[in-house]
Amino acid sequence: MTGSISVIIPCAFMAEFLPDAIGSIERQDIDVHEVIVVHPEDDRETDRACRQWSERLPVERHVYPLSSPGEARNAGLARATGNVIVFLDADDVLPANRFGLQIRRLAASPEVDAVGGLLTKFERLNGHTLAPERDSATETQCGVNPGIWMFRDRVFKKIGTFDPEFRYAEDLDLALRMRDGGIPFTILDVAVLYYRQHDASMMRRKDRRMVTDFWKAAAKSARRRKEKGLAPATDQLLTDRIEPVDAALLETVE
C-alpha cells in the first residue's frame, strides 16, 4: 500500500512542544503528504514555529477559534487531502519508523480500516533522539488516544468525525463508534506514541467534566449496541483487539 499521509496537529498555546512533535514526523521512514497544524489566531508562537518548519516539511497552518481538541481535529480533517490520516497532539512525539510499521500492516489487510498501537507515557524527552530519557519514568499501555491510530480516510465517511459534545472523551467515543459500527481495526502490541505528561496538559486539570464525559461515551456505546442487537461490550479499552507484531513488521522499528 502506498498511502498519502495527512498528519493533523491541534496546537493551542503549546508551541514550546511543537518542534519535538514535528521533528518526530520528519524522522519517519515514509514522507508525509501534509502536516496540518490547527491553532487559534492569537497563538503567534505556534504560527512562528509552523513558518520555520514549513521550509523542511509541507506544513500548513490553519487558524481556528480556540475550541476542544476534537473540534480542532475536525477542522484539520476537513482540510486534509491524504488518503491516510494520523492525529498527533502538539505535546506528544512519534517513535521513529512508526509510519512504515502501520502502513505495512494496512497493506497486509486491505479490509482493515485502522491500525493502532500502544502508548508510552513519559516525563522527560531526549531532545536529540526524540525518545524518552533513559532515566525518565515510563509506562507503556493500551489507550484510546487518537495519536495511536493510522486511519484510512474512509473511516470518517462511515462513522463521522469527532463528536463536538465531548471536551475530554472524544477519543474514547470515536474508538467505541468504530467498534460498535463494525469498522475493521487492530491494535499492534508495540508502542507507536510517546505521550508526554506535564502540568499544562488538559488531563492534569481538575475538571469534573472529565469523568462525566468518559461515562457519557460508555453510555452512548451501550445504547448503540442495544439498538443494534449487539452483546454488551466486555472491554471499553479495546485490549481484546491487541495482536502480536510479526517480525517482518518490526524490522525497521526503533
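Modeller: Let's start with H6 and H7, where H6 passes H7 in a right-handed crossing (the near helix is turned clockwise from the far one by less than a right angle). Bear in mind that this is a predicted model, where local features need pLDDT of at least 70, side-chain atom pairs count only at pLDDT 80 or more, and totals for chains, interfaces and linings use all residues. Residues are numbered from 1 along each chain as its sequence is written, and side-chain values use heavy atoms, without hydrogens and water.

H6 covers residues 170-180 and H7 covers 209-227; they pack at about 15°, with axes 9 Å apart. That's why the two count as roughly parallel (an angle under 35 degrees). On the H6 side, the contact (heavy atoms within 4.5 Å) uses Leu-172, Asp-173, Leu-176, Arg-177, Arg-179 and Asp-180. H7 answers with Phe-214, Ala-217, Ala-218, Lys-220, Ser-221, Arg-224 and Arg-225. Sorted by class, the contact of H6 with H7 has seven charged residues, five nonpolar and one polar.

Now hold that up against H1 and H2, whose axes come within 10 Å and cross at roughly 25°. H1 and H2 are therefore roughly parallel to each other, and their crossing is right-handed. Leu-18, Pro-19, Ile-22, Gly-23 and Glu-26 of H1 meet Thr-46, Ala-49, Cys-50 and Trp-53 of H2. Here the contact has six nonpolar, two polar and one charged residues.

How values were computed:
Axes are lines fitted to C-alpha atoms, for helices over the stretch in contact, and angles run from 0 to 180 degrees between N-to-C directions. Helices (H or I, at least four residues) and strands (E, at least two) are DSSP runs, numbered from the N terminus. Angles under 35 degrees count as roughly parallel, over 145 as roughly antiparallel, 65 to 115 as roughly perpendicular and the rest as oblique. Ala, Val, Leu, Ile, Met, Phe, Trp, Tyr, Cys and Pro count as nonpolar, Asp, Glu, Lys and Arg as charged, and the others, Gly among them, as polar.
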